[in-house]
Amino acid sequence: MRLLPLVLALALALAAASSAAASASGPRSVLRTVTDVPAAVSSGEDADALFCDSWRLSVETSNAGPWRAIPARCAAFVRDYMEGPRYASDSAVAAADSLAFASGALAAAGAGAARPAWVFDVDETLLSNAPYYAVNGWGSQEFNETSFDEWVDAAKAPALPSSLKLYNELQGLGFYVILLTGRTEFQRNSTEANLLFAGYQSWEKLILRQPSDIGKTAVKYKSERRAATEAEGFKILGNSGDQWSDLIGSPMATRSFKLPNPMYFIS
């Protein structure tokens, strides 16, 4: 026990010495400001990769707010992300989280009158438009509605593998699957053909923008359609989309799942 005062005295002496050294060298911030870049990656490809990875986090969390095109310096980063294992892995984790929630949510909902439903967006949620964006700058160019509509009419977009797997698993659990897309009614035939081409079947309903919906934000349009769906006797337990505008607005699903998309923003 007589060693304790000695240990305490030594600790206090070391702390005093450290404080004195810090005072002698001037004040030093413990935290680096968020705009600082580590010296080792202050320029070149490493700096671009660091910036673009942080930029992707900003847009995925919606911290960036509305944006029109990816930064020019991030075109290669987005291409590598979309074509590489990260995008597939991020999508698979979102699907796995969705399925983990779905089983419990269905049990918790019980056998009430409301029919348990799961809402899916279409583009970059069920179908991947990566082949289109691969030849259109991966989002570095402003959106061209004419060329994208031509791509939609071709009805050749592949499925997102993890989403197709989740879709089938949810149907197996007993969910009513409702597709809610920003595509227009004029694109119904090509959208249905593409979904079938990609392997999706037996959805409960496919909701597209009607003439009265043109000009509405995605948040307003999709909120109204979710409200109408619940008024028809469905209970939306889950909602999957690549845009926050697919997910927010009243009524919201019991739980919503955001899929990755660093290529474009929809309000």
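Lys-222 and Asp-121 form a salt bridge through their side chains (3.0 Å, N to O), the term denoting a side-chain nitrogen of Lys or Arg within 4 Å of a carboxyl oxygen of Asp or Glu. Lys-222 belongs to helix 9 (residues 218–231) and Asp-121 to the loop between strand 1 and helix 5 (130–134), so the pair ties together parts 101 residues apart in sequence. Both Lys-222 and Asp-121 are buried (buried means under 20% relative accessible area, exposed over 50%, partly exposed in between, with a 1.4 Å probe and protein chains only).

## Basis of the model

The model is predicted: local features need pLDDT of at least 70, side-chain atom pairs count only at pLDDT 80 or more, and totals for chains, interfaces and linings use all residues. Residues are numbered from 1 along each chain as its sequence is written, and side-chain values use heavy atoms, leaving out hydrogens and water.

## The sheet

An open sheet is formed by 5 strands in the order 3-2-1-4-5, with parallel pairing; strands pair if DSSP finds at least two bridges between them. Helices (H or I, at least four residues) and strands (E, at least two) are DSSP runs, numbered from the N terminus. Strand 3 (205–209) and strand 5 (255–258) stand at the edges, each with a single partner strand, so one side of each lacks a neighbour in the sheet.

Strand 4 (residues 234–241) is joined to strand 5 by 4 bridges; Asn-239 has Ser-256 in strand 5 as its bridge partner.

## Salt bridges within helices

In helix 8, Arg-188 and Glu-192 lie 4 residues apart, about one turn of the helix, and their side chains meet in a salt bridge (3.7 Å, N to O).
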